[in-house]
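Open the model in your viewer and keep the selection tool ready. We will go stop by stop.

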Amino acid sequence: MLLKDRVAIVTGGSRGIGYATVEAFLQEGAKVVLCASRQETADKAVAKLREAYPEAAVEGIFPNLSDFAAVKAAFDGVAEKYGSIDILVNNAGVSESTPFTEYTDETFEKVMDLNIKGVFNCSKAASDHMIAAGSGVILNTSSMVSQYGQPAGIAYPTSKFAVNGFTLSLARELGPKGVRVNAVAPGITYTDMMRSVPKEVIDPMIAQIPLRRMGQPEDIANAFVFLASDRASYISGEVLHVDGLARS
């Protein structure tokens with residue numbers, strides 16, 4: 001098992017890529033605490049995981065990720081209960097597609113509060129424990145749109161571009177302290193959001209992908225498992241694109 005007895009926190013872990021990552025970590029022997037936006041959501045995800053993996057150590061928490069004090073209190077509780085925080089996956093995020101001419105301060109700030117401030121808060125709270133231990137892994141969810149942009153919803157690609165910069169800079173700063181920092185940039189992935197997109201919209205998108213398919217949440221989760229494991233012990237400051245595309 002690649003992550004046996006490691007203690008991992010996965011934000012946005014109740015569905016989609018986050019849920020698949022929690023599941024993959026449990027399969028690899030980790031003890032996982034998933035973060036959700038509400039207690040009901042966390043409880044539902046944990047119940048489903050415990051049914052599938054009755055021997056696994058998994059629980060849910062629901063701090064407001066844009067509130068550092070709430071995040072710190074929750075993460076300190078995890079470290080006190082399990083003895084460490086070995087892995088953090090900053091996966092929680094929000095996307096939207098408002099045209100720029102209709103943008104408001106509130107729309108922009110909502111995306112930034114979760115996609116950037118949430119990443120900062122969680123990384124700060126977890127890294128305190130990792131630095132004290134002299135080891136740890138922080139993994140961030142970026143996106144292919146951080147490289148290519150998107151036709152509307154300017155805040156989302158902006159936030160993911162910021163996540164890339166955060167990843168590279170934090171890797172440089174925390175590397176000497178034994179903490180690795182990387183990001184995974186998913187491409188078009190078959191999550192709940194994509195299930196509502198009409199086939200006539202999806203098919204042309206798939207036609208542009210050399211592998212001729214959308215990614216599955218498990219494809220992204222597998223990348224997180226690798227980067228969290230000792231097999232990636234000499235990888236830090238990377239943004240790994242998992243999008244089926246060929247690059248020169």
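Which residue stands opposite L88 in β4? Select I9: this residue faces L88 across the strands. Before moving on, note that this is a predicted model, where local features need pLDDT of at least 70, side-chain atom pairs count only at pLDDT 80 or more, and totals for chains, interfaces and linings use all residues. Residues are numbered from 1 along each chain as its sequence is written, and side-chain values use heavy atoms, with hydrogens and water left out.

**Stop 1**

Show β1 (7–11) and β4 (87–90). Helices (H or I, at least four residues) and strands (E, at least two) are DSSP runs, numbered from the N terminus. β1 and β4 pair in the parallel sense over 3 bridges. Two strands count as paired if DSSP finds at least two bridges between them.

Stay on β4. I87 and V89 point one way, L88 and N90 the other way, and all are buried. Buried means under 20% relative accessible area, exposed over 50%, and partly exposed in between (1.4 Å probe, protein chains only).

β4 and β5 run parallel, paired over 4 bridges. Pick V89, and find its bridge partner L139 in β5.

Now select helix α4 (residues 105–133). Together with β4 and β5, α4 makes a right-handed β-α-β unit. Right-handed means that, with the strands pointing away from the viewer, the path from the first strand over the helix to the second runs clockwise.

**Stop 2**

How many residues of β6 (residues 179–186) are buried? The count is 8 of 8. On one side are V179, V181, A183 and A185, and on the other R180, N182, V184 and P186.

β5 and β6 pair in the parallel sense over 6 bridges. T141 stands opposite V184 in β6. Next comes strand β7 (residues 239–242), parallel to β6 and joined to it by 4 bridges. There, V239 is the bridge partner of A183.

**Stop 3: the nonpolar cores**

Select V22, F25, L34, L49 and F224. Of the 33 residues in the largest nonpolar core, these touch the most other members. A nonpolar core is a set of buried Ala, Val, Leu, Ile, Met, Phe, Trp, Tyr and Cys residues joined through side-chain atoms within 4.5 Å. In soluble globular proteins, nonpolar side chains tend to be buried together.

Zoom in on F224. Not counting residues up to four places away in sequence, F224 touches I17, T21, F25, V89, L139, N140, T141 and V184. Contact means heavy atoms within 4.5 Å.

**Stop 4: an aromatic cluster**

Select F100, Y103 and F108, which ring pairs link into a cluster. Rings of Phe, Tyr and Trp (its six-membered ring) pair if their centres lie within 6.5 Å; planes under 30 degrees apart count as stacked, over 60 as edge-to-face and the rest as tilted. The count comes to 2 aromatic pairs.

Why is the pair of F100 and Y103 tilted? Their ring centres are 6.3 Å apart and their planes are at 40 degrees, so the pair is tilted. Y103 and F108 have centres 6.4 Å apart and planes at 65 degrees, so that pair is edge-to-face.

Finish with the surface. F100 counts as exposed at 64% relative accessibility, Y103 as buried at 17%, and F108 as partly exposed at 33%.
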